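Dear colleague,

Please find below the structure that I am handing over to you. My notes on a ligand site and on a pocket follow it.

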Amino acid sequence: MIEVEVPLKLTLFGEHAVVYGEPAIAMAINEKMKIKIVPYHKMVLKSNSLSIKGIKVDLEEMKLESEETSRVLSYALSTINFFEKEYGTRKNALIEIESPVDPSVGLGTSAAVIVGIVGGYSRYLGYELTREEIAKISHKIELTVQGLGSRMDTYTTSLGGLIYFPKGGGYEKIRGEIRITAGYIRRIATTAEILKRVKSLKEKNPDLFNDLISSIGKTVNKAKIAIEKEDEEEIGELMYVNHGLLMSLGVTLPPIDNLVSTAKILGLKGCKISGGGGGGSTVCLEDERARILLSTIGAKIVDARISQEGVTIKEINQ
Ligand SMILES: Nc1ncnc2c1ncn2[C@@H]1O[C@H](COP(=O)(O)OP(=O)(O)OP(=O)(O)O)[C@@H](O)[C@H]1O
Ligand SMILES: C[C@@](O)(CCO)CC(=O)[O-]
Ligand SMILES: [Mg+2]
């Protein structure tokens with residue numbers, strides 16, 4: 001049996017802008033997706049947190065036929081098919097995914113599913129991939145499924161830690177500690193859908209769009225310096241600025257906008273939406289009042305302690 005653990009992630013700065021080559025900062029957290037892979041007589045996927053809205057069932061074979069099924073399973077299916085296409089191998093298995101959070105809430109579950117299956121299924125096939133190799137393959141798969149996207153989520157969940165993604169590519173681990181309070185609410189759309197909306201804004205108003213994302217890029221670079229100097233005042237101020245710029249991109253949601261502006265009035269150091277947006281996750285610099293504010297919008301608090309460890313893969317002889 002292969003057992004995989006993948007940390008989820010928080011985007012601290014630069015979401016969406018990073019898709020267009022700007023920098024970003026993300027952090028792997030203590031919320032871990034667990035994936036188990038065991039030999040089986042056919043290829044079966046089991047996942048505790050997925051649900052499907054609307055079903056179409058072949059009653060003879062009791063087989064789900066709805067398009068919704070393939071959409072919801074698209075990341076997992078594409079990852080399994082990747083190995084058949086690239087490595088010419090397919091070995092039947094029962095793949096069981098256990099997620100600590102709901103899907104599509106801004107915590108990188110799409111990246112974690114891909115990273116977990118790439119790491120676990122490649123080991124099941126007898127390959128020993130490094131975390132960098134897992135990240136590279138996973139980014140390629142997520143990009144294929146979504147059509148748009150950056151290396152940020154797949155690299156953060158593969159490598160772990162607090163990571164700066166510079167303009168133009170690569171990554172750099174950041175020293176320094178940042179203590180966060182974070183929670184999530186349900187989202188109105190998936191990241192893939194929100195990315196498409198942002199792209200249409202770029203096509204409609206390229207000059208304005210470029211000004212917005214380059215301002216986010218400047219915010220990220222200032223935040224990197226502030227994190228390294230452990231200057232919480234500056235980090236927090238930049239979180240509010242980044243949230244305002246994401247509001248202008250149209251990716252926030254009124255309950256989170258209200259929370260962020262209330263946080264600012266109450267004197268919390270910093271808060272912003274995190275991840276794809278449209279609801280989902282909110283991050284604040286650690287503060288008991290942030291937990292209270294998050295609970296007022298019905299958010300589920302997550303364990304936002306940093307996970308220095310990235311994806312871990314264990315082979316267990318049964
Ligand atoms: N436990 C799971 N099992 C299988 N697939 C999952 C699971 N969790 C998430 N997914 C896949 O990931 C998709 C959600 O990806 P999406 O990018 O919208 O959210 P996210 O990655 O959590 O947020 P963000 O990209 O903003 O960080 C789901 O629709 C599903 O296809
Ligand atoms: C919105 C985005 O920047 C972060 C999603 O968690 C998309 C990406 O970087 O692939
Ligand atoms: Mg995602």
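Which strand and which helix each supply at least two residues of the lining of the second largest pocket? In this predicted model, they are strand S3 (44-47) and helix H2 (74-87). S3 accounts for the largest share of that lining, with four residues. In total, 13 residues line the second largest pocket. Those nearest its centre are Val44, Leu45, Lys46, Leu73 and Leu77. Sorted by class, the lining comprises eight nonpolar, three polar and two charged residues. The space in this pocket comes to about 310 Å³.

I turn now to ligand 2. The residues around ligand 2 are Lys9, Glu15, His16, Val18, Val19, Gly149, Ser150, Met152, Asp153, Gly275 and Gly276. By class, this shell consists of three nonpolar, five polar and three charged residues.

The side chain of Ser150 places an N or O atom 2.6 Å from an oxygen atom of ligand 2. For Asp153, a polar side-chain atom lies 2.6 Å from an oxygen atom of the ligand. His16 takes part through its backbone, with an N or O atom 2.9 Å from an oxygen atom of ligand 2. Ligand 2 exposes 300 Å² when taken alone, and the protein buries 98% of that area.

With kind regards

How values were computed
Residues numbered from 1 in each chain as written. Chains lettered and ligands numbered in written order. Predicted model: local features only at pLDDT ≥ 70, side-chain atom pairs only at ≥ 80, totals over all residues. Heavy atoms only, no water. Near = heavy atom within 4 Å. Polar contact = N/O pair within 3.5 Å; in protein donor to acceptor, adjacent residues only side chain to side chain. Areas by Shrake-Rupley, 256 points an atom, 1.4 Å probe, with all protein chains shown as cover. Nonpolar A, V, L, I, M, F, W, Y, C, P; charged D, E, K, R; others polar. 1 Å grid on protein atoms, 1.4 Å probe; cavity = no way out; pocket = protein on both sides within 12 Å on 5 of 7 lines; lining within 4 Å. Points joined across faces, edges and corners; volume = space filled by probe spheres on them.
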